[in-house]
Amino acid sequence: MTARGGPAALLGHLPPSALVFTGVVSVQVGAGLAARLFTQLPPAAVTGLRLWTAGLLMAAVGGRGMAQNLARVVRQRSWRDAAVVAAFGVTLAVMNFSIYQAFARIPLGIAVTIEFLGPLAVAVAASRRVIDLVWVALAGAGVALLTQAGGTGGAGHRVGLAGLGFALLAGTAWAGYIILSRATGRRFTGTSGLAIAMALAAVLSIPVGVAAGHGALLRPGILVTGVAIGLLSSIIPYSLELEALRRVPPRVFGIWMSLEPAVAALVGLVMLSESLAVSEWVAIVLVMIACAGAARGGTRESQAPQA
């Protein structure tokens, strides 16, 4: 098959909004699969499966570019480039580990809503507009609803501080991911920087993943599910979002991405039977509005959608 009739040509004929929405659904269905796998494997082992799958697939596709860029770093002694991509890899590992820990403790929709505070902080940090204080206040109100003493999630269980803490850590790592992805993109050609960082994150996850999963990681059914999680949560959305960002401004992309907490809540309801209280749905909507507002007015340099 020629490139003209390949996947790239197919993506080129789809509207950007469809690409973004498909990517959002793909990520959250992958998260739902991961959460369902927690009944057989600890979250740390599932994190390893996702990162190993994504790292291997990216290395298989972009291995030549990875090797060339790594050789350049060593040859030119570009240790700052090495430090940036290494920090990027560590951030990826922390982000994936912490969000899966959150999924294991609190409903999917709540975890993703809290995690979105990271991109919101990046979008607002570089702004000097008064209206951004409104978005911060809305997000704060949403978080207050989620963390209120009487709040419950899932099957009527109180939302624990540990789960919220892991979700906040994931959001912090996501903010670092946004900053480091831009820095890595400026120092490495194509997607080789992301591939190197993903490979490093996969390596970093080996000790905790193997220690948590042991022999269960070798079961064929679990391996197949792990590959599906890696494809749905990383490879497919990265490809769709890259294509969408070529055709729409980052601020528009950011508004569309603000749908993600709601999609996560719906996926949690359908796949995991995680019903949410009315106050929790209101909180999710408040954070979505805050993220969309910050993305709509943010500058190109400060957009969370760069992730």
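Trainee: Which residues form a nonpolar patch on the surface?

Mentor: Patches are made of residues with over 30% relative accessible area and no salt bridge, with nonpolar side chains (Val, Leu, Ile, Met, Phe, Trp, Tyr) joined within 5 Å and like charges within 9 Å. A salt bridge is a side-chain nitrogen of Lys or Arg within 4 Å of a carboxyl oxygen of Asp or Glu. Here the patch consists of Leu57, Val227, Leu231 and Ile236, with about 260 Å² of accessible area together. Accessible areas come from the Shrake-Rupley method with a 1.4 Å probe, and for residues only the protein chains shown count as cover. This is a predicted model, where local features need pLDDT of at least 70 and side-chain atom pairs count only at pLDDT 80 or more, while totals for chains, interfaces and linings use all residues. Residues are numbered from 1 along each chain as its sequence is written, and side-chain values use heavy atoms, with hydrogens and water left out.

Trainee: Which helix gives the largest share of the nonpolar patch?

Mentor: That is helix H11 (residues 220-245), with 3 residues. Helices (H or I, at least four residues) and strands (E, at least two) are DSSP runs, numbered from the N terminus. Ile236 lies in helix H11.

Trainee: Is Ile236 buried or partly exposed?

Mentor: Buried means under 20% relative accessible area, exposed over 50%, and partly exposed in between (1.4 Å probe, protein chains only). Ile236 counts as partly exposed because its relative accessibility is 34%.

Trainee: How many residues does the largest nonpolar core have?

Mentor: In soluble globular proteins, nonpolar side chains tend to be buried together. A nonpolar core is a set of buried Ala, Val, Leu, Ile, Met, Phe, Trp, Tyr and Cys residues joined through side-chain atoms within 4.5 Å. The largest one in this model has 81 residues, and Val46 and Tyr100 are among those with the most contacts inside it. Contact means heavy atoms within 4.5 Å. Beyond its neighbours within four places in sequence, Val46 is in contact with residues including Phe38, Tyr100 and Ile229.

Trainee: Which side chains meet in a salt bridge?

Mentor: Side chains of opposite charge can pair when their charged atoms come close. In this chain the count comes to 1 salt bridge. Asp81 and Arg187 form that pair, at 2.5 Å from N to O. Asp81 sits in helix H4 (residues 79-103) and Arg187 in helix H8 (residues 161-187), 106 residues apart. Asp81 is buried, at 11% relative accessible area, whereas Arg187 is partly exposed, at 34%.
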